[in-house]
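Biologist: I am new to this one and would like to learn how to read it. Could you walk me through it step by step?

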Amino acid sequence: EAIEAVLDSDFDFILMDCHMPVMDGFEASRQIRNLPPQKKQTPIIALTASALSEDVAACKRAGMDIVIAKPLTFQSLRSILEKLELEKL
């Protein structure tokens, strides 16, 4: 469903849970990164319960841009979104 949503719509960013049923966030991110250029450039923000260095590295290898450890707070999400907005300038 995540891949279909990216194909059907334009998003400013994607919040990707690393552990989902059917297809995990790592595989979904890899597939998104193989989409046409206008779709594969969408920033992917990983949500994970573990922020150990090896987990962050696995997220990066899968094509995720930023990693946020759960629980997600409004302030952490706001900070990340502000950073993404600044990178566009």
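Biologist: Which residue of β3 is the bridge partner of A46?

Modeller: Strands of a sheet pair through backbone hydrogen bonds, either parallel or antiparallel. Here the bridge partner of A46 is V67 in β3. From β2 the chain crosses through helix α4 (residues 53–61) to β3, a right-handed β-α-β crossover. Right-handed means that, with the strands pointing away from the viewer, the path from the first strand over the helix to the second runs clockwise. Helices (H or I, at least four residues) and strands (E, at least two) are DSSP runs, numbered from the N terminus.

Biologist: Before we go on, what should I know about the model and its numbering?

Modeller: This is a predicted model, in which local features need pLDDT of at least 70 and side-chain atom pairs count only at pLDDT 80 or more, while totals for chains, interfaces and linings use all residues. Residues are numbered from 1 along each chain as its sequence is written, and side-chain values use heavy atoms, leaving out hydrogens and water.

Biologist: In what order do the strands form the sheet?

Modeller: Two strands pair if DSSP finds at least two bridges between them. In this model 3 strands form an open sheet, ordered β1-β2-β3, with parallel pairing. β1 (14–17) and β3 (66–69) are the edge strands, each pairing on one side only. From one strand to the next, the twist averages 30 degrees. β1 and β2 pair over 4 bridges, with I45 of β2 as the bridge partner of L15. Strand β2 (residues 44–48) also pairs with β3 over 4 bridges, and there L47 has I68 as its bridge partner.

Biologist: How many residues of β2 are buried?

Modeller: Buried means under 20% relative accessible area, exposed over 50%, and partly exposed in between (1.4 Å probe, protein chains only). In β2, 5 of its 5 residues are buried. I44, A46 and T48 point one way, I45 and L47 the other. β3 has a covered face, I66 and I68, and an uncovered one, V67 and A69.

Biologist: Which strands does helix α2 lie across?

Modeller: Angles run from 0 to 180 degrees between N-to-C directions, along axes fitted to C-alpha atoms, for helices over the stretch in contact (heavy atoms within 4.5 Å). Helix α2 (residues 25–33) lies across β1 and β2, at about 145 degrees to β1.
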